[in-house]
Structure formats: C-alpha cells, structure tokens
Amino acid sequence: MTTYREFFRQFSLLYRPFEHHLNLQLAKHGLYRAQWTIIYYLSDQSSATLVELSNYQNVEKPTVTRTINRLEELGIVEQMPSKDKREKRIQLTLLGKQVYEEVRLTVDKYEQHILKGISESDQLNSIRLMEEIRKNILTKGEHE
C-alpha cells in the first residue's frame, strides 16, 4: 500500500470515532458538534454573520440558519442590531458564554485524553500538516 493511501485510510479510521465520541461528550450538555462549532467560533470571534459561519463550517447557509435557530431557541445566541438589515450578525448571549465555559471544560478533558502520550512537538507538526492539507483541498487545481 502506498504511503498516501495509508495516510488517508488512517485519517478515515480516526475521523468517525472522533466525531462520535465528541458528540457523546457534547450530549452531556445537550449539544451536537455543529452547534459546538458555532459556539466555539462565536466565543473566539465575538460575533459573526451567517455567511461567515457557513464559510467556517464549509456548509450551506440554510444548514447554519437551522443550527442558529436552534441555538436561539436555547437562549445561547442572539442577533445583534446591524446597519445592513439583510445581514444577520450573531453573538453569544450571557447564557451562551456560560455554556461555552462549561462545555470547554468537557471538550478539553476529552481532547487531552485522546492526545495522551503524543508530544507537543508531534501535535504541532500534525497541526502544520493538517493546515497544509486543508489549504491543498481548498485550492482549486488539478484534483478537479
């Protein structure tokens, strides 16, 4: 088997169990990964438009809209007043900030557990590799 095939085979074997177990951790807080991704992004960026969230998650805007609607129902996010009425700007509510802090502790514990025994140097190298692969995926070119 070629190295690149083994690389992507291992990646595929890693991704699904990671998602599954992350969702189990998030379920303790009544959330799913897509919701957590938005909460995480809003915590980091303070606010975002639906288009920005759609681009960040690499999903269609209607998908983000449904997730945002659910997070609004839960009182986790709210719309901010905007100069442009066509643009919805979203931010975490006070409750949303509290939820972020609580869930962050759970996710940190899970992530630290699954990285046990992997050096910081190896983690940094893996981050660099993933960034490069993502850049290659998003760059239009010969693969299409």
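R104 counts as buried, because its relative accessibility is 13%. Here buried means under 20% relative accessible area, exposed means over 50%, and partly exposed is what falls in between, with a 1.4 Å probe and protein chains only. This is a predicted model, in which local features need pLDDT of at least 70 and side-chain atom pairs count only at pLDDT 80 or more, while totals for chains, interfaces and linings use all residues. Residues are numbered from 1 along each chain as its sequence is written, and side-chain values use heavy atoms, with hydrogens and water left out.

The protein chain has six helices and three strands. Both kinds of element are DSSP runs numbered from the N terminus: helices are H or I with at least four residues, strands are E with at least two. Read from the N terminus, the order is α-α-β-α-α-β-β-α-α. Along the principal axes, the C-alpha atoms fill a box of roughly 55 × 40 × 25 Å. Of the 144 residues, 26% count as buried. The protein chain exposes about 10700 Å², of which carbon and sulfur atoms supply 54%; these areas come from the Shrake-Rupley method with a 1.4 Å probe, and for residues only the protein chains shown count as cover. Contact means heavy atoms within 4.5 Å. Among contacts between residues at least 6 apart in sequence, 48% join residues at least 24 apart.

Confidence comes next. The mean pLDDT of the protein chain is 93, and 97% of its residues reach 70 or more; pLDDT is the predictor's confidence in each residue, from 0 to 100. Confidence is lowest in helix 3 (residues 50-57), at a mean of 93, and highest in helix 5, at 98. Where pLDDT is low, the predicted coordinates should not be read in detail.

Helix 1 covers residues 3-27, and the ends of this 25-residue helix can be checked against its length: at 1.5 Å a residue it should span 36 Å, and its end C-alpha atoms are 36 Å apart, which agrees. The expected span is 1.5 Å times one less than the number of residues. Within helix 1, E19, L22, Q25 and L26 are buried. What covers the buried residues of helix 1 includes helix 2 (33-45) and helix 5 (94-114).

Y4, F7, F8, F11 and Y15 make a nonpolar surface patch of about 530 Å². Patches are made of residues with over 30% relative accessible area and no salt bridge; like charges are joined within 9 Å, and nonpolar side chains (Val, Leu, Ile, Met, Phe, Trp, Tyr) within 5 Å.

Phi of S46 is near 75°, a positive value in a residue other than glycine. T49 lies in strand 1 (residues 48-49) and is buried, with a relative accessible area of 7%. Not counting residues up to four places away in sequence, T49 touches E87, K88 and R89. Further on, N58 lies in the loop between helix 3 and helix 4 (61-73). N58 has a positive phi of about 60° although it is not a glycine, and it is exposed, with a relative accessible area of 62%.

The structure holds seven salt bridges. A salt bridge is a side-chain nitrogen of Lys or Arg within 4 Å of a carboxyl oxygen of Asp or Glu. Side chains of opposite charge can pair when their charged atoms come close. One of the pairs is R89 and E52, whose side chains meet at 3.6 Å, N to O. R89 lies in strand 3 (residues 89-92) and E52 in helix 3, so the pair ties together parts that are 37 residues apart in sequence. R89 is partly exposed at 22%, and E52 is partly exposed at 31%.

Another salt bridge joins the side chains of E111 and R104 (3.3 Å, N to O). E111 counts as partly exposed at 30% relative accessibility, whereas R104 is buried. The side chains of K135 and E132 also meet in a salt bridge (3.4 Å, N to O). K135 and E132 both lie in helix 6 (residues 120-138), three residues apart, about one turn of the helix. Salt bridges that share partners join R104, D108 and E111 into one network.
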